Each structure stands twice: as C-alpha cells, then as structure tokens.
Amino acid sequence: MRSSSPPKTRDAVFYVLFGLTVVAFLLDIHLIFFHTPIELSMGIVQKIFYFHVPAAYGMYLGAGACFLGSVAYLFSPPDARDAFAKAGAETAVTFGIIVLVTGPLWAAKAWGRYWTWDPRLTTSMLSVLIYVAYVVLRSFAGDGHAEKKFAAALGVVGAANLPIIHYSVLKWSGQHPVVVGKGGGGLAPAMYPAFFLSLGAFTLLAIVLLWTRTRLEIARARLQQLEEETLALMPEGGT
Amino acid sequence: MTFDHHAATFRVASSALALAGQAPERPSDQAADPAQRGTEFRAVEGGAEVMSGETLLVEAYAALWIILFAFIFVSWRRQSRIDARVGELERLVAQGQGK
C-alpha cells in the first residue's frame, strides 16, 4: 500500500463539509420547530418525519457505498476499497438504528402500537440486520483477504434488499404511509423546506461519517502493515 | 318545612326518575347479579390524548443524538487505539535504530 498523508486541501474540504453539516442541522432544527406547521391529524409527533425519512435515506447512502466498495474490491482489491465498503456498512447500521428507533416512536402515536410486521418495517429491519452481520463479521473474522472477500460478497448481496424496501409498500401495501413520491399525496407546501433541508443535512452527515470512517480504516490497515514490516526487520528476540 | 313540602319534593323526584327510566339500584343488587357487570371499556370521545406526542418527539430526537454521539465515541475509541499502536511502533523503530 502506498504511504501518503492526506493533502492539506483534502483536509480543508473535509472541515468545510463538517462546518456545513453543523450549520445545516442547526438551521434544520430551527426550521422544523419554529417555522413548520404542526400536522392536522397526528399533531406534533409528525415532526419525527423530518428525521426519520432522511435517516432512511442516509441508510441507503451507506448501503450504496458498501455495495460500490464491495464490487470494486471484488474486481481489484486495494485496501481503500474495502475500507470504503466497511465505512458504508457502519454508516448504514447507524442510520438504520435511527430509523428503527424513531419509526416506532411515531407509530406509537399514529397507529397505537410501536411495531407491526408491515412489509416495509420488516424489510427495513432485515436490511439493518444484514449490515449488522457485516460489521460483526469484520470485527471478529480477522483482516485476511478471504475474510474481506467474503464480506464484500455480503455487501453486494445485502444491497439486493434495498429496492425491496422501497417497493414493498407499493407492492404489498401495509400500514406504512406513502406521502412523498409515487403514490403519495404529498406534504403541505409549508412543510417542504424543512423536509428538503433535512435531506440535505443528512446527506452531508452521511458523507462526513463515510469520509471519517474510511480514513480511519485506511489508517488502521496501513498501521497493521507497518507493524508487520517493522517486526520482520527486528532482530530475533526483539519486542 | 312542612309535610306537604316534603311530599311535593318526593313526587317531583319520583317523576323525574320515572321519566328518565333509570330507577336507582342499590350496589348490593348489582354485585349479586352477574348479568349486570361491565363487559367493555370505552374511551371518552374527544377526550385527552393517551400518549403524549411531545414526549414521543423528544424521545425520538434524544435517540437520534445518542446514536450519533455513540457512533462518534466508537470512532474516537478506535482512533485512540490506532494512536497507541503508532506510539508503540515509534518506540520499536527508535529501539531498532539505537542498536
């Protein structure tokens, strides 16, 4: 692996991105709570929507990154591609847990129960469990090429569930609302700014998390390689 | 008060009960008759909400930030481990150069 510290310009881009993410979230929270109307039938609990849906979108981004990194690693295996796939899976798990926690809290009010085995809920939980399995595999199975290749296969296969989540609500109906997109009735016009800003803020957050975790994983892999090289150079009996 | 006044009050009360068709029953009679016991609970329509939307909203936002901060904390822990290993590697390299 090539040894290189990130250029200063790359660091600058990261800090700008990080700053934009913080500003976007502050503006978003302000917009959601002070300028967006309360929904007519559900009341204030509907405001969970502004974080629940973008978190699901963030999960798709993480899962997409895992898929791309895995496919790239299977074609040609430099460690950076594997690091990107692993970072994608970790990001997907983080956003997936947010989705699985905020959704039932909304459902407790809207449906009168925290969970139902609705097609979209079930397929979403299945997807999160696939990426949890990926992260657990990477944590306990070692860092050999075979393990990375197996994880890459899981990253590719795991992405197959993503379109199923998206279309499950259209194909198999269920209780999960369809508001935005095909088949949805849409939001009140005053609700769109907060929703779009939330999507933007979560996109930036997903990029920041992907970036930091990829860099961390690349650094860890590079360090492990240096340790092995150094130990090989040490005289017999050296520590 | 006169006897006539009491009698008039009794007549008015009896008439009202008869009109309403709700002759009062003594509690002991209700308890003795299993057919009279309650078989369902019905909510008051238009009453106060059972589960607070505000509480659920705060719980959802708290969960969001706890999960994100946990993720950042795990990243920080991993970075600390890498820093420790870099320190150990530097010590080994310095040791090797000293010999």
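This is a predicted model: local features need pLDDT of at least 70, side-chain atom pairs count only at pLDDT 80 or more; totals for chains, interfaces and linings use all residues.
Colleague: Why is the pair A:Arg138 and A:Asp82 called a salt bridge?

Modeller: The two side chains meet at 2.7 Å, N to O. The cut-off is 4 Å between a side-chain nitrogen of Lys or Arg and a carboxyl oxygen of Asp or Glu, so the pair counts as a salt bridge. Side chains of opposite charge can pair when their charged atoms come close.

Colleague: Where in chain A do these two residues lie, and are they buried or exposed?

Modeller: A:Arg138 is in helix α4 (residues 119-140) and A:Asp82 in helix α3 (residues 79-110), 56 residues apart. Both A:Arg138 and A:Asp82 are buried.

Colleague: What makes A:Glu90 and A:Arg213 a link between parts of the chain?

Modeller: The closest N and O atoms of A:Glu90 and A:Arg213 are 2.8 Å apart, and the two residues form a salt bridge. A:Glu90 lies in helix α3 and A:Arg213 in helix α7 (residues 192-233), so the pair ties together parts that are 123 residues apart in sequence.

Colleague: How do you know that A:Glu90 and A:Arg213 are buried?

Modeller: Buried means under 20% relative accessible area. A:Glu90 has 7% relative accessibility, so A:Glu90 counts as buried. A:Arg213 has a relative accessible area of 3%, so A:Arg213 is buried too.

Colleague: Which residue of chain B forms a salt bridge with A:Glu90?

Modeller: That residue is B:Arg78, with the closest N and O atoms 3.2 Å apart. The value is within 4 Å, so the pair counts as a salt bridge.

Colleague: What makes the pair B:Arg85 and A:Glu227 a salt bridge, and where do its two ends lie?

Modeller: The side chains of B:Arg85 and A:Glu227 meet at 3.0 Å, N to O, which is within the 4 Å cut-off and therefore a salt bridge. The pair crosses between chains, from helix α3 (residues 53-98) of chain B to helix α7 of chain A.

Colleague: Why is B:Arg85 called partly exposed?

Modeller: B:Arg85 has a relative accessible area of 27%.

Colleague: Which residues are joined into one network by salt bridges that share partners?

Modeller: A:Lys86, A:Glu90, A:Arg213, A:Glu217, A:Arg220 and B:Arg78 are joined into one network. The whole structure has ten salt bridges over all chains, and the count between chain A and chain B is three.

Colleague: How many residues are in contact between chain A and chain B, and what area is buried there?

Modeller: 34 residues of chain A are in contact with 27 residues of chain B. The area buried between the two chains is about 3000 Å², with 75% given by carbon and sulfur atoms. A:Arg213, A:Leu216 and A:Leu223 supply 19% of the area that chain A buries against chain B, more than any other three residues. Four residue pairs between the chains are in polar contact.

Colleague: Which helices of chain A supply the side that touches chain B?

Modeller: α1 (8-34), α3 and α7 of chain A each supply at least two residues of that side. The largest share, twelve residues, comes from α7(A). The residues of this side divide into 21 nonpolar, five polar and eight charged.

Colleague: Why is A:Ser127 called buried, and which residues is it in contact with?

Modeller: A:Ser127, in helix α4 of chain A, has a relative accessible area of 0%. Buried means under 20%, so A:Ser127 is buried. Leaving aside neighbours within four places in sequence, A:Ser127 is in contact with A:Met59, A:Asn161, A:Leu162 and A:Ile165.

Colleague: What makes A:Ile164 partly exposed?

Modeller: A:Ile164 has a relative accessible area of 38%, so A:Ile164 is partly exposed, between the limits of 20% and 50%. A:Ile164 is found in helix α6 (residues 161-171) of chain A. Beyond its neighbours within four places in sequence, A:Ile164 is in contact with A:Thr123 and A:Trp172.

Methods. Residues are numbered from 1 along each chain as its sequence is written. Chains are lettered from A and ligands numbered from 1 in the order in which they are written. Side-chain values use heavy atoms; hydrogens and water are left out. Helices (H or I, at least four residues) and strands (E, at least two) are DSSP runs, numbered from the N terminus. Buried means under 20% relative accessible area, exposed over 50%, partly exposed in between (1.4 Å probe, protein chains only). Contact means heavy atoms within 4.5 Å. Buried area is the accessible area (1.4 Å probe) that two parts lose on being put together, summed over both. A polar contact is a pair of N or O atoms within 3.5 Å; within protein, one must be able to donate a hydrogen and the other to accept it, and residues adjacent in sequence count only if both atoms are side-chain atoms. Ala, Val, Leu, Ile, Met, Phe, Trp, Tyr, Cys and Pro count as nonpolar, Asp, Glu, Lys and Arg as charged, and the others, Gly among them, as polar.
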